[in-house]
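Here are my notes on the model you sent over, point by point. Have it open next to you as you read.

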Amino acid sequence: MTDKLIRATAADGGIRAVGVISTNLTEEARQRHQLSYVATAALGRSMASGLLLASSMKKEGSRVNIHVKGNGPLGAILADAGLDGTVRGYVQNPEVELPPNDQGKLDVGKAVGHQGYLHVVRDVGYGQPYSSTVEIVSGEVGEDVAHYLVTSEQTPSALLVGVFVGADGVTAAGGLLLQIMPKASRDESLVTLLESRVAQLSGFTPLLRAGKTLREIMQELLGDLELFVFPEEHEVSFHCHCSFERVLGALKMLGEAELQDMIEKDEGAEAICQFCGEVYQANETQLAQLITDLQINN
Ligand code: ZN
């Protein structure tokens, strides 16, 4: 199944729902960064959350950054997602593995840490990005992002994100975001109804693994509430906008002396993109060209 995102409304427009399947892009991140099981789950949940949050933005080029900074062994996690359906991200310590928790599940909470901060930046492409920070509730990512939406954006929300990763890699990943729209936000009965429906779901990935589609999951959850699923399916994928040109630009900023040093000692330079793990190599000729550029501009 391809990765995609779909949107829906229910309860006379009072409820907004977005669902995403992100299995392939999570597997791509796992391979690119050689992520452990628990790191795959943590980054996969963060990337699915980012895509769900970005989907509600209006301006073309808008992006959401989810920065999880817990006190656990994984270190910082960053997911950068766009309204255009592209997402990239990394985990500071991708090799960290932990034993399963009491329920036999990947212990994402412990790996991320039960204390720390969740930092969300919404960038519409111009002006000052809107950013907000909340304390981590559990380190399970989904719960933390939902807590952010409720406290910081004051939108009653339920968020389910999940990643299933086994010996063969990621076999199911995705998420579901349900929000009460502003016009209905004072409708307590709707909030209670949504909470009880979500509580009945046994997580998101078990449904995906059972072969359910996004539409079927939404139908199961909101089918009796005038559910309307929009026909468009939006493609989502792992994509990083790094390039060799950008790497050369960064190298140039090091200055003439440093570049000369690289030519003499290393006969070139190697740079690895933190977001996607792509390796870029600049040879002596290319470094020498940068020095010439610097000299011309001076
Ligand atoms: Zn990159």
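1. Let's start with the zinc ion. Its four donor atoms subtend angles of 102 to 113°, which makes the arrangement tetrahedral (four donors get that label if all angles lie between 85 and 135 degrees). The ligands are the SG atoms of C240, C242, C273 and C276, at 2.2 to 2.3 Å. Donors here are N, O and S atoms within 2.8 Å of the metal, or 3.2 Å for Na, K and Ca; water is not among the atoms, so sites may look incomplete. Along the chain the zinc donors follow the spacing C-x1-C-x30-C-x2-C.

2. A word on what we're looking at. This is a predicted model, in which local features need pLDDT of at least 70 and side-chain atom pairs count only at pLDDT 80 or more, while totals for chains, interfaces and linings use all residues. Residues are numbered from 1 along each chain as its sequence is written, and side-chain values use heavy atoms, with hydrogens and water left out.

3. Are C240 and C242 buried or partly exposed? C240 is buried, at 13% relative accessible area, whereas C242 has 22% and counts as partly exposed. The cut-offs are under 20% for buried and over 50% for exposed, with partly exposed in between (1.4 Å probe, protein chains only).

4. Staying in that part of the sequence, A271 sits in strand β13 (residues 268-272). Helices (H or I, at least four residues) and strands (E, at least two) are DSSP runs, numbered from the N terminus. A271 comes out as partly exposed, because its relative accessibility is 22%.

5. Now the pockets. Rolling a probe the size of a water molecule over the atoms shows where empty space is left. A pocket is an open set of points on a 1 Å grid over the protein atoms alone, where a 1.4 Å probe fits, with protein on both sides within 12 Å along at least five of seven lines; lining residues have an atom within 4 Å of a point. The largest pocket has a volume of about 960 Å³, a volume being the space filled by probe spheres set on the points, which are joined across faces, edges and corners.

6. What lines the largest pocket? There are 35 lining residues, and R45, K105, E140, V161 and G203 lie nearest the centre. The elements giving two or more residues to this lining are α2 (37-54), α4 (142-151), β8 (157-166), α5 (188-200) and α6 (205-209). β8 supplies the largest share, nine residues. By type, the lining has 20 nonpolar, nine polar and six charged residues.

7. S138 is in the loop between β7 (130-135) and α4, and is buried at 13% relative accessibility.

8. Please look at two backbone angles. V141, in the loop between β7 and α4, has phi near 75°, a positive value in a residue other than glycine; V141 is buried, at 1% relative accessibility. E226 also isn't a glycine, yet has a positive phi of about 50°. E226 lies in the loop between α7 (214-222) and β10 (228-229) and is exposed, at 57%.

9. Last, helix α1 (residues 23-33), which contains T26. T26 is buried, with a relative accessible area of 1%, and its side chain reaches the backbone oxygen of S22 at 2.6 Å. E27 is in helix α1 too and counts as buried at 13%. E27 and T171 are 144 residues apart in sequence, but their C-alpha atoms are 8.1 Å apart in space.

Key. Ala, Val, Leu, Ile, Met, Phe, Trp, Tyr, Cys and Pro count as nonpolar, Asp, Glu, Lys and Arg as charged, and the others, Gly among them, as polar. Four donors count as tetrahedral if all angles lie between 85 and 135 degrees; four count as square planar and six as octahedral if opposite donors are over 155 degrees apart and all others between 65 and 115; anything else is irregular. A polar contact is a pair of N or O atoms within 3.5 Å; within protein, one must be able to donate a hydrogen and the other to accept it, and residues adjacent in sequence count only if both atoms are side-chain atoms.
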